[in-house]
Amino acid sequence: VIDVNMGCPKHFSTSGGMGSQLLSKPDTIRDILTTLKRNLDIPVTCKIRLLDTPEKTLDLVKVIEGCGVTAMGVHARFIPQRPREPAHWDLV
C-alpha cells in the first residue's frame, strides 16, 4: 500500500510543499494520485484534513475519489488543530 499523507501540518512537511500544504492544490493532488494509480499495481490511499468549509472539503473529496484511490481517511480536525484539540466528527 502507498499512503499519501496530505494531513500532516508539521513544518518539516509543509515547508517542502508536502503534507497539509497539498490540500490547497487540488490539481497537484490529482496529478500525484493518478500517476501513482496508473503506474502501480498496489493499493493507493490518502489522508486529508478538514478544509475551511464543508463545501471545500467535499469538493476535494470528490477530486480524490475521481482519482480511483482505494481508500481515503479524513482527519476530523482543521489544519492548524493539534491532537489535544477535540475532533469535529460532525463534519466528517
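Student: What should I know about the model before I start?

Tutor: It is a predicted model, where local features need pLDDT of at least 70, side-chain atom pairs count only at pLDDT 80 or more, and totals for chains, interfaces and linings use all residues. Residues are numbered from 1 along each chain as its sequence is written, and side-chain values use heavy atoms, with hydrogens and water left out.

Student: How many helices and strands are there, and in which order do the elements run?

Tutor: Helices (H or I, at least four residues) and strands (E, at least two) are DSSP runs, numbered from the N terminus. Here you will find three helices and three strands, in the order β-α-α-β-α-β from the N terminus on.

Student: What share of the residues is buried?

Tutor: Buried means under 20% relative accessible area, exposed over 50%, and partly exposed in between (1.4 Å probe, protein chains only). In this protein, 33% of the 92 residues count as buried.

Student: Which residues touch the most other members of the largest nonpolar core?

Tutor: Such a core is a set of buried Ala, Val, Leu, Ile, Met, Phe, Trp, Tyr and Cys residues joined through side-chain atoms within 4.5 Å. The largest one has 14 residues, and Met 6, Ile 29, Leu 33, Leu 60 and Ile 64 touch the most other members. Helix 2 (26-39), strand 2 (44-50) and helix 3 (54-66) each supply at least two residues of this core. Strand 2 gives the largest share, three residues.

Student: Let's zoom in on Ile 29. Where is its place, and what is it in contact with?

Tutor: Ile 29 lies in helix 2 and counts as buried because its relative accessibility is 0%. Contact means heavy atoms within 4.5 Å. Leaving aside neighbours within four places in sequence, Ile 29 is in contact with Met 6, Leu 22, Leu 23, Leu 60 and Ile 64.

Student: How far apart in sequence are residues in contact?

Tutor: Among contacts between residues at least 6 apart in sequence, 63% join residues at least 24 apart. For a C-alpha distance to look at, Ile 29 and Val 63 are 34 residues apart in sequence and 8.3 Å apart in space.
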